[in-house]
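Open the model in your viewer and keep the selection tool ready.

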Amino acid sequence: MSGAAHRSIWQRRLVDPVVAQLRQGITPDRIALTLALATVLGVFPILGATTFLCALAAIWLRLNQPVMQLANYLLTPLHVALLLPFYRAGETLFGQAHVPIFSVGELLARFQTDPLQFVVDYGRVALYGICVWALLAPFAAALLYLTLRPALRQLARRVKAA
């Protein structure tokens, strides 16, 4: 097998596009900002919202849209894994009882009993999760940016030397 066949999915799907951007003249700092924001926006606790949020951020800040969306999509498993922790932390933060999320039978029963209350209850849970995310997001973005920037600067030097 060739060397290309042994490369990991992360190498092919994330590192290679980043290296391509560096070769096109995108600065390591811009790529670090793109990846940091994509990571934070990619775990926003509402399913289906991350693509839109990443697109808006990339347009507004003139960041690389393909890298932003690629990182967002690669983070889907983390996004799904963090939904419940965001929701539960929000319920705890606001002193609210936990509502059932994974019991389909209980979800259906609650909806059939009072559809409007169902929407209110789960809308609140979503808002609580968003509040927790909003509290953590700036710190996470800053930490990721400050961590990624030196690594990307070093990668840029290696790409330039090659």
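Select α2 and α3 to begin: their axes come within 9 Å and cross at roughly 150°. Helices are DSSP runs of H or I with at least four residues, strands are runs of E with at least two, and both are numbered from the N terminus. Axes are lines fitted to C-alpha atoms, for helices over the stretch in contact, and angles run from 0 to 180 degrees between N-to-C directions. α2 and α3 are therefore roughly antiparallel; angles over 145 degrees count as such, under 35 as roughly parallel, 65 to 115 as roughly perpendicular and the rest as oblique. Their crossing is right-handed. That term means the near helix is turned clockwise from the far one by less than a right angle; anticlockwise is left-handed.

A word on the model. It is predicted, so local features need pLDDT of at least 70 and side-chain atom pairs count only at pLDDT 80 or more, while totals for chains, interfaces and linings use all residues. Residues are numbered from 1 along each chain as its sequence is written, and side-chain values use heavy atoms, with hydrogens and water left out.

Now show the side chains between the two helices. Arg30, Leu37, Ala38 and Leu41 of α2 meet Thr50, Leu53, Cys54, Ala57 and Leu61 of α3. Contact means heavy atoms within 4.5 Å. The residues here divide into seven nonpolar, one polar and one charged. Nonpolar covers Ala, Val, Leu, Ile, Met, Phe, Trp, Tyr, Cys and Pro; charged covers Asp, Glu, Lys and Arg; the others, Gly among them, are polar.

α3 (residues 50-61) and α4 (residues 65-74) pack at about 155°, with axes 9 Å apart. That makes α3 roughly antiparallel to α4. α3 passes α4 in a right-handed crossing. Contact residues include Cys54 and Ala58 of α3, and Met68 and Tyr73 of α4.

Next, select α5 and α7. Their axes come within 7 Å and cross at roughly 95°. That makes α5 roughly perpendicular to α7. Among the residues that meet are Phe86 and Tyr87 in α5, and Trp133 and Leu136 in α7. The contact divides into eleven nonpolar, two polar and one charged.

Which residues line the largest pocket? Select Thr39, Val40, Val43, Leu78, Leu82, Phe86, Trp133, Leu136, Ala137, Ala140 and Leu144. A pocket is an open set of points on a 1 Å grid over the protein atoms alone, where a 1.4 Å probe fits, with protein on both sides within 12 Å along at least five of seven lines; lining residues have an atom within 4 Å of a point. About 160 Å³ of space lies in this pocket. α7 gives the most to the lining, with five residues. By class, the lining has ten nonpolar, one polar and no charged residues.

Finish on Thr39, in helix α2. Thr39 touches Leu75 and Leu144, leaving aside residues up to four places away in sequence.

Note on methods
Points joined across faces, edges and corners; volume = space filled by probe spheres on them.
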